[in-house]
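Please consider the following structure with attention to how its side chains meet one another. The account is set out in running paragraphs.

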Amino acid sequence: RNRPGRYSIHYHLAGNAPNAYIKNVAVYNSNWRCITIHGTNDVTLFGNVGFNVLGHCYYLEDGMEERNLLQRNLAAYVHPIQTAGSGGGQAGTDRWQSDTLFDPSDSGASGFYALNAYNTWLDNAASGGFSGFTFPHAPRAIKDHRDIKQPNGYPFDPSTRPFLLFKGNSAHSTGYFWEHNAAVYIGGMLFYKTDPADGQVKLFYNNGRGSIQADTLCPDPNWPDSDGNMQDC
């Protein structure tokens, strides 16, 4: 658990892979995830089952993964890592990357998860988890792709990418960890921020519906400043 790459099935930085697929596979009693697509596009996941899994089950990792097809897959009995984000208000709960929480969004582990929605989600089913489907706001890609820029020199923003298709999906027995949560949740925030406890830049996740600026990283010399307000990051 919490060791990068130690997933049951893992497409790792394979680029465009239109002939790649995983079909009719069962992953159960997994210590971390079901199937991970990382830095890879055009993969087909069809007819797979994930059951009794810690962390996000079907996990599109960095925010650069696009044009993948997820069809007729099941995620069930999905468990958050550490204490699930909860709280009684809209603000949600803060979680920081650590040795025991490699991706802090796993505190809101869901059946299907992506920072970039530009994929096809068709006739999948989710049961349990923090949410059935989660699409957090990420103002830039993370991990291996955190320095990716658009042609204009500005950071690539996965959150601006639309769904290719989201149709026929179902989610139930979920969303109960937090009173404001949903079975399909487009919300929460994941980005790099300086941890005031030790001064280190880490992944920061908040499952809430508020607006949190990564102010400790602004101004960021790695990105151009569009209008002089030094808030582009």
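The model is predicted, so local features need pLDDT of at least 70 and side-chain atom pairs count only at pLDDT 80 or more, whereas totals for chains, interfaces and linings use all residues. Residues are numbered from 1 along each chain as its sequence is written, and side-chain values use heavy atoms, with hydrogens and water left out.

A search of the whole structure finds seven salt bridges, a salt bridge being a side-chain nitrogen of Lys or Arg within 4 Å of a carboxyl oxygen of Asp or Glu. One of them joins the side chains of K143 and E61 at 3.4 Å, N to O. K143 belongs to the loop between strand 14 and strand 15 (165-167), and E61 to the loop between strand 7 (58-60) and strand 8 (69-71), so this pair ties together parts that are 82 residues apart in sequence. Strands (E, at least two residues) are DSSP runs, numbered from the N terminus; helices (H or I) need at least four residues. The side chains of D103 and K143 also meet in a salt bridge, at 3.4 Å, N to O. Because D103 lies in the loop between strand 10 (94-96) and strand 11 while K143 lies in the loop between strand 14 and strand 15, the pair ties together parts that are 40 residues apart in sequence. Together, E61, D103 and K143 are linked in a network of salt bridges.

Elsewhere, D195 forms a salt bridge with K202, with the closest N and O atoms 3.0 Å apart, and both D195 and K202 are buried.

The aromatic contacts come next. A pair of aromatic rings is described by the distance of the centres and the angle of the planes. Rings of Phe, Tyr and Trp (its six-membered ring) pair if their centres lie within 6.5 Å; planes under 30 degrees apart count as stacked, over 60 as edge-to-face and the rest as tilted. The whole structure holds 17 aromatic pairs. Among them, F112 and F133 are stacked, at 4.7 Å centre to centre and 10° between the planes. F112 lies in strand 11 (residues 112-114) and F133 in strand 14 (residues 133-134), so the pair ties together parts that are 21 residues apart in sequence. Both F112 and F133 are buried. W178 and Y185 form an edge-to-face pair, at 6.0 Å centre to centre and 65° between the planes, and both of these residues are buried. F112 and F133 also belong to one aromatic cluster, together with Y58, W121, F135, F163 and F166.

Charges over rings form a further group: NZ of Lys or CZ of Arg must be within 6 Å of the ring centre and within 35 degrees of the ring normal. R146 lies over the face of Y192, at 3.7 Å from the ring centre, and K193 lies over the face of F204, at 5.9 Å from the ring centre.

Note on methods. Buried < 20%, exposed > 50% of the residue type's maximum accessible area, 1.4 Å probe, protein only.
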